[in-house]
Amino acid sequence: MLIEDSKPMITVIIVARNEENYIEGLLKSLYNQTLDEDNYEIIFVDGMSEDNTVNIVNRFIHSYPNRMKLLKNNKKTLPPGWNMGIKAAKGNYILRIDGHTLITEDFLEQYINLIQKQPNVDCVGGIIESKGLGFQGKINEFIYSHPFGVGNSKFRTTKKVWEGFVDTVPYGAYKRSVFEKVGYFNEKLRRNEDIEFHKRMKNLGMEFYMSTSIKSTYYVRSTLKGLIQKSLGDGTWTMIADQSVPGSLRARHKAPLYAFLLGLLILILAIFFVPMRWILTIVGLAYLGAAAWASKTVIRQSGFVSYLYTIGTFFCLHFFRGLGCFKAYFTREFWYFRNKRKRYAK
């Protein structure tokens, strides 16, 4: 499909590190889009990978010259990588895609269609279908697709055909003018930089629009350890991002912290007061009941063992996300942004 000069050209940016297991599939999909190759470019920003990632990328560059540009991100973390890619981009719209992702052949064409439909919107995006590999990976897939796991995250839980204005989108296609007005991603944040950046966009009255016509598949962590590590990190850095730009977090982002603090308070009181032990028991049973109810479809599809693992995984997701939020208060980065904000307010 070839689009006229008046229609937007897209720059696709991939920032990745050590993604040899997934990057080939993503690049194949990008090289075989229904959108004419003259209407999009690919920039790959490598965070000093120590596996076969760069070799795979170079193989594509050698086979298809002038289709992709490779940049090296010596700082390794995501925000500097995104900023490098944005500054090198030529497109009217700049689209971020994670290395863990798989897309359909009409992925970019669907973005063009939505952009043409909503030309005044600053950032458009679609939905994510979580995909897990192996026994625990399938459970993690279910967890990240269920409202009990991810709250009212519309781009993860919407199953029906829908489109409209939302508070955020994944894999956003941003107008180039967004970065000219808002600036770039905060390089002092190691992750969750999009939460802070989107808040700065909203402060300037910018809007997000989502359509289920745009679909991508994201490969979730395949182990319980991977899920726990991600939950800890996400919890910590969402709280830090909120200190950078207050109001960045929605209720769903803070819910794990409140639940963790409430549980911790009840646990401490239960040590000294017998009635609080009954409350602790009731709260624990209520949570298990909610997790069991949310997991009920698993027992029909995968059996009782998977059902028990799913209940336990829900708990790990919530507990370690809450622990990560709490841990943020003990990090240097949290207080750096908090004190910087106070100085600026004066």
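R200 and E196 both lie in helix α9, 4 residues apart, which is about one turn of the helix, and their side chains meet in a salt bridge with an N to O distance of 3.0 Å. A salt bridge here is a side-chain nitrogen of Lys or Arg within 4 Å of a carboxyl oxygen of Asp or Glu; helices (H or I, at least four residues) and strands (E, at least two) are DSSP runs, numbered from the N terminus. The model is predicted, and for that reason local features need pLDDT of at least 70 and side-chain atom pairs count only at pLDDT 80 or more, while totals for chains, interfaces and linings use all residues. Residues are numbered from 1 along each chain as its sequence is written, and side-chain values use heavy atoms, with hydrogens and water left out.

Both partners of this pair are covered, since R200 is buried with a relative accessible area of 18% and E196 counts as buried at 2% relative accessibility. Buried means under 20% relative accessible area, exposed means over 50%, and partly exposed lies in between (1.4 Å probe, protein chains only). Helix α9 (residues 193-203) has 8 of its 11 residues buried, so it is largely enclosed by the rest of the structure; among the buried residues are I195, F197, H198 and M201. Just after α9, G205 takes a positive phi of about 80 degrees.

R96 lies in strand β4 and E193 in helix α9, so the pair ties together parts that are 97 residues apart in sequence. R96 counts as buried at 10% relative accessibility, and E193 is buried with a relative accessible area of 2%.

Strand β4 (residues 93-98) is mostly covered, with 5 of its 6 residues buried. Two strands pair if DSSP finds at least two bridges between them, and 6 bridges join β4 to strand β1 (residues 10-16), the two running parallel; the bridge partner of I10 in β4 is Y93. Strand β4 also pairs with β8 in the antiparallel sense over 3 bridges, where I94 stands opposite Y174. Strand β8 (residues 173-175) is joined in turn to β6 by 2 bridges, again antiparallel, and there V124 stands opposite A173. Strand β6 (residues 123-131) is mostly covered, with 7 of its 9 residues buried, and it pairs with strand β9 (residues 208-219) in the parallel sense over 8 bridges; in that pairing G125 stands opposite M210 of β9.

Several loops deserve a look as well. Q33 is found in the loop between α1 (23-31) and β2 (40-46), and it is buried, with a relative accessible area of 9%. Its side chain reaches the backbone oxygen of T104 at 2.9 Å and the backbone nitrogen of L108 at 2.9 Å.

Most residues other than glycine have a negative phi. M48, however, has a phi near 60 degrees, a positive value in a residue other than glycine; M48 lies in the loop between β2 and α2 (53-63) and is partly exposed, with a relative accessible area of 30%. K76 likewise has a positive phi, of about 75 degrees, although it is not a glycine, and its place is in the loop between β3 (68-72) and α3 (78-88).

The structure holds 13 salt bridges, and one of them joins the side chains of K75 and E187 at 3.0 Å, N to O. K75 lies in the loop between β3 and α3 and E187 in the loop between α8 (176-182) and α9, so the pair ties together parts that are 112 residues apart in sequence. K75 is exposed, with a relative accessible area of 55%, whereas E187 is partly exposed at 33%.

The last stop is a nonpolar surface patch of about 660 Å², made by L264, L267, I268, I271, F272, F273 and L280. Patches are made of residues with over 30% relative accessible area and no salt bridge, with like charges joined within 9 Å and nonpolar side chains (Val, Leu, Ile, Met, Phe, Trp, Tyr) within 5 Å; accessible areas come from the Shrake-Rupley method with a 1.4 Å probe, and for residues only the protein chains shown count as cover. Helix α11 (residues 251-272) gives the most to this patch, with 5 residues.

Conventions. Polar contact = N/O pair within 3.5 Å; in protein donor to acceptor, adjacent residues only side chain to side chain.
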